[in-house]
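Hello,

Here is the structure for your files, with my notes below it. Please read them against the coordinates.

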Amino acid sequence: MTMLGRKKSQVCDSSSSIDDPPKSNQERLYRVWKGNNKFLCGGRLVFGHDGASLYLTSFLIGCPALTFCIRMLITIKGDDACYSYPVFTAGLILTVLDFTFLFLTSGRDPGIIPRNSTSLESDEASDTFTPSMEWVNNKGSSMKIPRIKDVPVNGHTVKVKFCDTCLLYRPPRASHCSICNNCVQKFDHHCPWVGQCIGLRNYPFFILFISSSTLLCIYVFVFSWINLLQKGGNLWRAMSHDVVSVILIVYCFIAVWFVGGLTVFHVYLICTNQTTYENFRYRYDKNENPYTKGILGNLREVFCSRIPPSMVNFRAWVLKDDDTAMGSIASESERGFISSKEKFDIEMGNKFTKDGNMMVPSILQKLDYTGIDDNMKKKNLDTSGFNDDLKRKASDQPFLFPIGQEIKNSKGGSATRVNSVSDKRTQ
């Protein structure tokens, strides 16, 4: 069983006890999730890190659409009710559908892959790997794993990368979103307008959303023109008497270039079975695409395939300290990873903390220094003699005293505090 399959079974096992009464050390998974997602309705709705952008998107869609519907509703009271009723009804239906597809895109799991908290097994690391200069240390063993390995897909060889954050080899077509901090299946892109990643589980709804938005813009644009032309006479005079229609025409004309162009681009991607990420990175128009199934097969894969279930049950009860169930990861230093941001003292071999203070090596933290202080008292040194002796010992043995420990002389003189290696060398 592959690592991804085992991880999926772990999540399914944890979800089986979703209705069990919680214990004192248990919590819902969505409350301890390590990604940057936002959750509503007890973890039933999953939004991206910038989910608040839905307010702006809803305003940009709803304001002109509802204005058009209200304008048509007012004209129903006139003599041409047979025209106004169907136009109002169709406009309202398009608006409701557009908002429905928007929230289905934004409020569902796009295909998040659970993070791996266990070490990779030797059978997973012994596959045929692509030669690489970068290697990953496996936790708990001396085995090293290459960062890239080859996977056969439809008779082609596809390279998959190891994710340092999720600690797993990403499945083909998956990628890590730096905004939501998750690996996503069949990652297309992160859309700031819907505040969510676009991936395997919400891509069909995203296509329906931008398509319905384009259709709504064209609909409002066309019937706003018809409303002006129905007034007859001079066009400029009609525009001066129906300013609302003029504003809607200008707004929809500008908006349709954005959503319409995006729709056309994604229709091309669907017909060629590409994602936005693959199109910009791999350029399948110049290289052979291992995923294409022909135009009809590609369309069937997007619109006629069953959406797979979520790999993560965010409402499952998990232990608060159980990193495996939470999909969390330990610190990089615990897993054998060395971050480029960490500072090391090359000469002394010690790590510095983020604030610049040096940490005492673990081998020195457990030493007993009480005997040193007793020897100093027996010598009955005066203040000057003690300081001279301290300087001499500090220069000969840089780690004689733990950093930050105060050494008092036997005569109650001033205390000497060792703060860093540089202090001991300059004394």
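Over residues 246-271 the chain is 100% helix and 0% strand, with 37 Å between the end C-alpha atoms. This is a predicted model. Residues 246-271 are one of the spans that UniProt, in an unreviewed entry, lists as "transmembrane region"; the others in that record are 54-74, 86-105 and 205-226. For residues 54-74 the figures are again 100% helix and 0% strand, and the end C-alpha atoms lie 29 Å apart.

Helix 2 covers residues 53-75 and helix 7 covers residues 243-272. These two helices pack against each other at an angle of about 145°, and their axes are 11 Å apart. The crossing of helix 2 with helix 7 is left-handed.

Which residues meet where helix 2 and helix 7 are in contact? Helix 2 contributes Leu60, Pro64, Thr67, Phe68 and Arg71, while helix 7 contributes Val244, Ser245, Leu248 and Tyr251. By class, that contact has six nonpolar residues, two polar and one charged.

On the strand side, three strands make an open, antiparallel sheet in the order 4-11-10. Strand 4 (112-113) and strand 10 (175-177) are the edge strands, each pairing on one side only. Strand 11 spans residues 182-184 and pairs with strand 10 in the antiparallel sense over three bridges. Within this part of the sheet, Ser175 stands opposite Val184 of strand 11.

Regards

How values were computed: Residues numbered from 1 in each chain as written. Predicted model: local features only at pLDDT ≥ 70, side-chain atom pairs only at ≥ 80, totals over all residues. Heavy atoms only, no water. Pairing = 2+ DSSP bridges. Helix = DSSP H or I, 4+ residues; strand = E, 2+ residues; numbered from the N terminus. UniProt positions renumbered as here; feature names shortened; annotations may be inferred. Axes fitted to C-alpha atoms, helices over the stretch in contact; angles between N-to-C directions. Left-handed = near helix turned anticlockwise from the far one by under 90°. Contact = heavy atoms within 4.5 Å. Nonpolar A, V, L, I, M, F, W, Y, C, P; charged D, E, K, R; others polar.
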